[in-house]
Amino acid sequence: MMRLWPLLMLLTISLSLMAGAWFYGIRINLTPSMPRGLYRIVDGTVQRGDIVSLCPPDPWGELGRNRGYTGDGQCPDGSRPLLKVLAGIEGDTVSIGSDGIRINGFLQDNSTAQAQDRHGRNICSILKSGKIPQNRVLVLAPVSWSFDGRYFGLVPKDILHRMQPIITFYWQE
């Protein structure tokens, strides 16, 4: 039992530090669709270009969790929150073409929706061309296989959390 004491103490301290970090808005991103690293939730209104965290809308969160896109997490459907870039805001014009998504005429990098995911499973897109309505936004990530708004469409602006990178690591598609 005496040999377990240091291990139990280390485990208790580690869990306490992780809980404290979570309480203070520190989040870790280990997925390759955005730079891996530590981020923190920051106050303020989200704006175009901000890195944001969100729970995917129903039923997309469950789909993402079941297919292994997100993993288990704290979202209402049991999925892990997504980390994306706020690409389109209310009033913007979204155009979908064979070359990808354009916002106000500007092609978004690597934004073409794929018919199948990286495991060969069919995936559809509900995003439609048109003007983004009030209180809705489009979130994307700059990689071709990202699980983002190119599939689940526009989301309510009020579900976004503005994120600030603390330390990130280079990633490659």
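Predicted model: local features only at pLDDT ≥ 70, side-chain atom pairs only at ≥ 80, totals over all residues.
By class, the residues lining the largest pocket divide into 22 nonpolar, 14 polar and 7 charged. The lining is made up of 43 residues, and the space inside comes to about 1000 Å³. To find the centre of this pocket in the structure, look for Asn-29, Thr-31, Thr-70, Arg-80 and Pro-81, the lining residues that lie nearest to that point.

Which elements supply the lining? At least two residues each come from α1 (4-23), β1 (26-29), β2 (36-41), β3, β4 and β11 (161-169). Of the elements, β1 gives the most, with 4 residues.

The next feature is the disulfide. A search of the whole structure finds 1 such link. Its partners are Cys-55 and Cys-75, whose sulfur atoms are 2.2 Å apart. Cys-55 sits in the loop between β3 (51-54) and α2 (60-67), while Cys-75 sits in the loop between α2 and β4 (82-88), so the link ties together parts that are 20 residues apart in sequence. The strands β3 and β4, named here as neighbours of these loops, are also among the elements that supply the pocket lining.

The link between Cys-55 and Cys-75 is left-handed, with -90° about the S-S bond. Are its two cysteines buried or exposed? Cys-75 has a relative accessible area of 5% and is buried, because the cut-off for buried is under 20%. Cys-55, at 27% relative accessibility, counts as partly exposed. Another cysteine, Cys-124, is also partly exposed, with a relative accessible area of 48%.

Four strands form an open sheet in the order β7-β6-β5-β8, and their pairing is antiparallel. The edges are β7 (106-107) and β8 (130-131), each of which pairs on one side only. As a general point, strands of a sheet pair through backbone hydrogen bonds, either parallel or antiparallel.

Which residue of β7 is the bridge partner of Ile-103? The partner is Phe-106.

Terms used:
Residues numbered from 1 in each chain as written. Heavy atoms only, no water. Disulfide = S-S within 2.5 Å. Buried < 20%, exposed > 50% of the residue type's maximum accessible area, 1.4 Å probe, protein only. Pairing = 2+ DSSP bridges. 1 Å grid on protein atoms, 1.4 Å probe; cavity = no way out; pocket = protein on both sides within 12 Å on 5 of 7 lines; lining within 4 Å. Points joined across faces, edges and corners; volume = space filled by probe spheres on them. Nonpolar A, V, L, I, M, F, W, Y, C, P; charged D, E, K, R; others polar.
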